[in-house]
Amino acid sequence: MADQEGPGWLTSERRAELLQLTAGGRWTLADLAKLDRESRAVTTGSGGGGRARIDLAQLTALDTAGAWLVHRIEQALEARGWQVELAGVPPQHQGLLTGVQRLELAVPAQPVRPNGVVRLVARLGRGTIAAGRKLLHLLSFFGEAALAFGRVLLHPGRLRLTSLTHHLEQTCLNALPIVGLIAFLLGIVMAYQGADQLRRFGAEIFTVDLLGISIMREIGILMTAIVVAGRSGSAFTAEIGAMQVNEEIDALRTIGLDPMEVLVLPRALALMIALPLLGFFAVLAGLFGGGLMAVLALDLSPAQFLTQLQSAVSPAHFWVGMIKAPVFAFMIALVGCYEGLNVTGSAESVGRLTTQSVVVSIFLVIVVDAMFSILFSYLGV
Amino acid sequence: MVTPAIRIEGLRTEFGPQVVHAELDLEVRQGEVLGIVGGSGTGKSVLLREILGLMRPAAGRIEVLGRDLAELDDGERRRLQGRQGVLFQQGALFSSLTVAENVQAPLRERERLSEALLRELAALKLALVGLPPDAGAKFPAQISGGMKKRAGLARALALDPEILFLDEPTAGLDPIGAAAFDRLIRELQQSLGLTVVMVTHDLDSLQAICDRVAALVDKRAMVGSLAELRAAEHPWLQAYFGGVRGRAALAAEG
């Protein structure tokens with residue numbers, strides 16, 4: 001018949017009452033797709049009933065996948081009322097075939113997907129409930145952290161100074177270049193755009209007011225907070241998450257250490273010190289960039305720029321910006337740690353929660369910034 | 001003469017100044033179960049990684065199924081990888097996929113099969129390693145350590161390999177689970193005609209299923225049956241087989 005080392009094949013013919021199937025060649029994974037199609041064609045085209053024989057004498061190779069196909073043909077024919085017998089099973093494959101026949105298989109059905117609208121609504125509902133629940137958990141976590149803060153205030157000896165300085169270095173010192181650069185460039189962009197628009201009224205000089213007030217009140221701190229959320233908030237989640245996967249958090253608890261005190265507080269405190277400092281640095285860098293642009297584009301002298309800046313901004317503007325920094329820092333750090341502690345088991349959840357930590361903390365920073373704006377406008381600052 | 005499943009000649013492995021293997025020779029016969037034992041830091045797992053081509057030795061020759069690893073091009077390497085399956089120590093299941101999808105992953109990557117057939121084959125492999133039918137839909141984080149190993153084994157068997165590598169297959173299993181896993185490996189090895197190479201610390205496993213044992217001592221491999229190695233003079237082997245745990249495990253032999 002066909003050449004012995006050739007690919008697998010399957011033929012069927014009817015001899016009066018007998019349905020004769022002949023299988024040969026390699027019945028292995030490499031030819032499985034073809035054999036799968038052929039065997040389905042044979043079994044679906046086999047109406048009636050009676051005796052069926054599957055002749056395997058010409059098989060040259062058989063693996064578990066091939067054995068499964070043989071078994072499936074057998075089952076399919078039996079389901080159609082045939083009496084099936086296997087013939088000419090090569091002795092070296094007998095064990096494998098009986099092994100596969102013995103297995104009780106539960107092949108899952110093709111999962112049914114509900115229609116698009118239903119899925120959309122279901123997803124929306126699940127999302128809303130999950131968001132609400134998360135907000136509550138986050139609030140209770142904030143409360144726990146506040147209590148831990150209180151405990152440390154009463155017993156300052158329990159503050160972990162080594163950890164605090166380590167995180168200060170990570171979140172503050174190492175962030176200086178990127179925060180400075182971003183603020184500097186933003187200053188340039190704002191000065192340029194402002195001068196362009198204000199020139200139409202002949203009011204270019206107010207570019208300096210625009211620059212000073214917006215950078216001090218809003219942009220300096222807000223941009224810093226966003227950069228820090230992306231840089232340090234995500235790092236907190238990933239660090240604590242990896243510890244969680246490693247069971248290090250459980251180890252801490254069993255030796256009587258409170259993760260809140262050991263992990264969360266030093267990070268939160270470090271960030272609350274770091275963010276105002278970084279924000280101040282960003283304000284300086286932004287003003288420097290804006291000033292540079294103003295001097296180049298508006299033909300102001302540096303001295304004129306400084307005089308105009310001094311008359312435009314008051315200390316209140318500066319403090320309105322700075323007072324927000326520790327609040328933002330507290331939220332970024334706590335969201336980062338909270339998501340890290342929520343990690344369960346898998347590497348995938350570390351990645352997912354790290355993303356979530358950045359999104360949630362930036363969102364909260366902007367919401368709280370808006371609330372501050374409303375508050376300050378009530379106070380008339 | 002049949003080509004050995006694996007032949008290693010003059011293997012040398014070093015990490016900086018630290019030499020792990022020197023002039024190591026090892027031959028794995030087709031259809032046997034070879035256990036690799038050795039103290040911590042003797043390079044058992046490193047040896048496994050070198051055979052799998054995950055790491056290059058400093059010198060020496062490794063042949064798997066008659067092919068020299070150093071001379072393979074990418075296509076040949078891929079084909080060779082399809083002929084070997086690996087069970088990593090922790091199962092190394094992909095955590096973002098369900099157990100059934102984990103088993104389907106190598107099939108999906110290499111063959112063009114219909115979804116229905118993929119589901120059938122996944123169910124077949126899971127049944128083959130003795131997992132309950134509902135395990136397929138679960139994620140790795142939702143199943144126990146023993147089930148993870150079985151699922152990892154199902155994935156290793158997905159492509160019907162000729163050689164199966166096991167890294168500490170029974171580590172972390174309770175004695176009953178470990179014995180059952182040993183039996184499973186033996187049964188599969190016999191019914192599928194596999195060559196099995198297993199790194200293990202478990203004397204019970206050595207005793208139960210290994211045809212031969214390779215002990216990594218003095219940077220080389222001493223190969224023999226369990227009885228031969230027990231009779232050897234080497235102090236590490238004496239300590240290993242002669243210790244309390246060793247004697248208890250071997251006492252069963254009678």
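A: Let us begin with contacts: two residues are in contact if their C-beta atoms, placed from the backbone, lie within 7 Å. In chain B, 67% of the contacts with a separation of 6 or more are between residues 24 or more positions apart. In chain A, such residues account for 84% of the contacts with a separation of 6 or more.

Q: How are the residues and chains labelled, and what kind of model is this?
A: Residues are numbered from 1 along each chain as its sequence is written, while chains are lettered from A, and ligands numbered from 1, in the order in which they are written. This is a predicted model, in which local features need pLDDT of at least 70 and side-chain atom pairs count only at pLDDT 80 or more, whereas totals for chains, interfaces and linings use all residues.

Q: What is the mean pLDDT of chain A?
A: The term pLDDT denotes the predictor's confidence in each residue, from 0 to 100. For chain A the mean is 88, and 98% of its residues reach 70 or more.

Q: Which residues of helix α3 of chain B are buried?
A: A residue is buried if 20 or more other C-beta atoms lie within 10 Å of its own, exposed if 12 or fewer, and partly exposed in between, with C-beta atoms placed from the backbone. Helix α3 of chain B spans residues 99-110, and its buried residues are B:V99, B:A100, B:N102, B:V103, B:Q104 and B:L107. The cover over these buried residues includes α4 (115-128) and α5 (145-156) of chain B. Over the whole chain, buried residues make up 41% of the 254 residues in chain B; in chain A they make up 35% of the 381 residues.

Q: At what angle do helices α6 and α7 of chain A pack?
A: Axes are lines fitted to C-alpha atoms, for helices over the stretch in contact, and angles run from 0 to 180 degrees between N-to-C directions. Helix α6 (residues 176-198) and helix α7 (residues 207-245) of chain A pack at about 145 degrees, with their axes 10 Å apart. Where they meet, the residues of α6(A) include A:I182, A:L186 and A:M190, and those of α7(A) include A:L211, A:I215 and A:M223. By class, this contact has 15 nonpolar, six polar and no charged residues. Ala, Val, Leu, Ile, Met, Phe, Trp, Tyr, Cys and Pro count as nonpolar, Asp, Glu, Lys and Arg as charged, and the others, Gly among them, as polar.

Q: In what order do the four strands of the open sheet in chain B lie?
A: Two strands pair if DSSP finds at least two bridges between them. The order is β2-β1-β4-β5, with antiparallel pairing. The edge strands, β2 (18-28) and β5 (67-68) of chain B, each pair on one side only. Strands β1(B) and β2(B) are joined over seven bridges, with B:E14 opposite B:V19 in β2(B) and B:F15 opposite B:Q18. They form a hairpin with two residues between them, and B:G16 in the turn has a positive phi of about 60 degrees. Strand β1 (residues 6-15) also pairs with β4 (residues 59-64) of chain B over five bridges, and B:R12 stands opposite B:A59 in β4(B).

Q: Which order do the six strands of the other sheet follow?
A: They form an open sheet of chain B in the order β6-β7-β8-β3-β9-β10, with mixed pairing. Its edge strands are β6 (84-87) and β10 (220-224) of chain B. From one strand to the next, the twist averages 20 degrees. Strand β9 (residues 212-217) of chain B and β10(B) pair in the antiparallel sense over five bridges, and B:L216 has B:A221 in β10(B) as its bridge partner.

Q: How many residues of chain B are in contact with chain A?
A: There are 23 residues of chain B in contact with 23 residues of chain A. On the side of chain B that touches chain A, the elements giving two or more residues are α4 and α6 (175-192) of chain B. The most come from α4(B), with eight residues. By class, this side of chain B has 13 nonpolar, five polar and five charged residues.
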